Amino acid sequence: MSNLLSPRRGALVLAVLLSSVASLASAAQPPEVRLVIRNHRFVPTELVVPANTKIKLMVVNEDPTPEEFESHELNREKVVTGKGTIPVYVGPLKPGRYPFFGDFHSDTAQGALIAK
Amino acid sequence: MSAITPRIVARVLFLACLLPASHAAFAGAADAVYTPTVEQGETEFELRGGYRDFDGAPDEHAFVFDIGYGVTNRWRTEAVLEYAAEGGEPGKLEALEWENVFVLTEPGKHWMDVGLLAEYEHSFASGPDEVKFGPLFQKQIGSTVANLNFRFKREVGSGASTDTELDYRWQLRWIGNEALEWGVQGLGELGTVDHLGEGDWHSAGPALFGVKRLHGRDKLRYNAAVLAGLDHAAPDAAVRFQIEYEMY
């Protein structure tokens, strides 16, 4: 692999890569789905979302205390403040069931995305 | 923080290309792969280490202990203490480092997640300190999460070289059983910025990852890898591990 890169070429490739990423950022907005946290529970507990499509989950915390939206299967972990709203982008998801939970109140805050 | 776009990071990297080249700086035995993710309010205690075996050269091992905190959901800061030894020599504390991870893009929103690593290392030995920075990339395709880090390293202070070196780390992780996931990791050096490809080396190998949930919201996160050298200049074999205790 020695001498594969001419002087500065590798770092310039990085710069081009990032510029390309930035240009792709103007893609169409994904469909938005609302998920509410109320009395330390998710409402609804199951959400059906289109498979193979990026989704924007709007997590609305109606409780006065913070919660954390967490899902190992979705690879997401994000705190939402009391009375706050956060976007959580997931997908594209293959058809299936993707559990999530509220890490601050995991005994009651349980839910799942159903991609179909 | 939302004003730092990938375009800005690209311009910073372009300017880094113009920095005069440097010497020294290589991926240490205890190096890790970073992800552009931060948990606000999380305190973490981390221990990582590694051993490298070289054919015809002293082996080396290193340990790193650090304490970190998620200040916001876009910035984590850590204090890092490094210990290392070479050959059969006694190990010693090598450096104290201030490390920062910045999340530049909303996870999952764009085609790729982008972050930035920025470090300042103060060496306990006489000699210059070191500044390190570079982009962190993450891309998820289905149940596969790919990460790629680049790191520019440059000495600062009295006696500092005018060179800037570039190294990299990467990993693939397949999302599965939370307690034990498989993947691959790799790392290497690309040489100095104005002589890329000269003195480079590369290694890769299997890795495993996992999370163990403890009482309350605490977690134990771990990963380890066995890396084989892919060219003559690389360590013949290397083992590395990382354990993090995360608490709120």
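What percentage of the 116 residues in chain A do buried residues make up? And which strands form the open sheet of chain A, and in what order?

A: This is a predicted model. In chain A, 36% of the 116 residues are buried.

Start with the elements. Chain A has one helix and nine strands.

Five strands of chain A form an open sheet, in the order E3-E9-E8-E5-E6. The pairing in this sheet is mixed. E3 (46-49) and E6 are its edge strands, and each pairs on one side only. From one strand to the next, the twist averages 20 degrees.

Take the pairings one at a time. E8(A) and E9(A) are antiparallel, with six bridges between them. Phe100(A) has Gly111(A) in E9(A) as its bridge partner. On to E5 of chain A, residues 67-71. This strand pairs with E8(A) in the antiparallel sense, over two bridges. Here Phe69(A) stands opposite Gly102(A) in E8(A). E5(A) is also joined to E6(A), by five bridges, and these two strands run antiparallel. Glu67(A) faces Val80(A) of E6(A) across that pairing. In general, strands of a sheet pair through backbone hydrogen bonds, either parallel or antiparallel.

Next, the core. The largest nonpolar core has 20 residues. Leu57(A), Val59(A), Val90(A), Tyr98(A), Phe100(A) and Leu113(A) have the most contacts inside this core. Six strands of chain A each supply at least two of the core residues: E1 (32-38), E4 (55-61), E6 (76-80), E7 (85-90), E8 (96-102) and E9 (110-115). Among them, E6, E8 and E9 also belong to the open sheet. Phe100(A) links the two views: this residue is among those with the most contacts inside the core, and Gly111(A) is its bridge partner. In soluble globular proteins, nonpolar side chains tend to be buried together.

Set aside its neighbours within four places in sequence. Leu57(A) is then in contact with Val33(A), Leu35(A), Val88(A) and Val90(A). Val90(A) is, like Leu57(A), one of the residues with the most contacts inside the core.

A second, separate core has 14 residues, including Ala32(B), Val38(B), Val101(B) and Val103(B). Among contacts in chain B between residues at least 6 apart in sequence, 53% join residues at least 24 apart.

The sheet of chain B closes. Its twelve strands form a barrel, in the order E1-E2-E3-E4-E5-E6-E7-E8-E9-E10-E11-E12, with antiparallel pairing. Here too the twist averages 20 degrees from one strand to the next. Strand E2 (residues 60-72) and strand E3 (residues 75-86) of chain B run antiparallel, joined by twelve bridges. Within this pairing, Tyr69(B) stands opposite Thr77(B) in E3(B).

To sum up, the sheet in chain A is open and mixed, whereas the strands of chain B close into an antiparallel barrel.

How values were computed: Residues are numbered from 1 along each chain as its sequence is written. Chains are lettered from A and ligands numbered from 1 in the order in which they are written. This is a predicted model: local features need pLDDT of at least 70, side-chain atom pairs count only at pLDDT 80 or more; totals for chains, interfaces and linings use all residues. A nonpolar core is a set of buried Ala, Val, Leu, Ile, Met, Phe, Trp, Tyr and Cys residues joined through C-beta atoms within 7 Å. A residue is buried if 20 or more other C-beta atoms lie within 10 Å of its own, exposed if 12 or fewer, and partly exposed in between; C-beta atoms are placed from the backbone. Helices (H or I, at least four residues) and strands (E, at least two) are DSSP runs, numbered from the N terminus. Two residues are in contact if their C-beta atoms, placed from the backbone, lie within 7 Å. Two strands pair if DSSP finds at least two bridges between them. Axes are lines fitted to C-alpha atoms, for helices over the stretch in contact, and angles run from 0 to 180 degrees between N-to-C directions.
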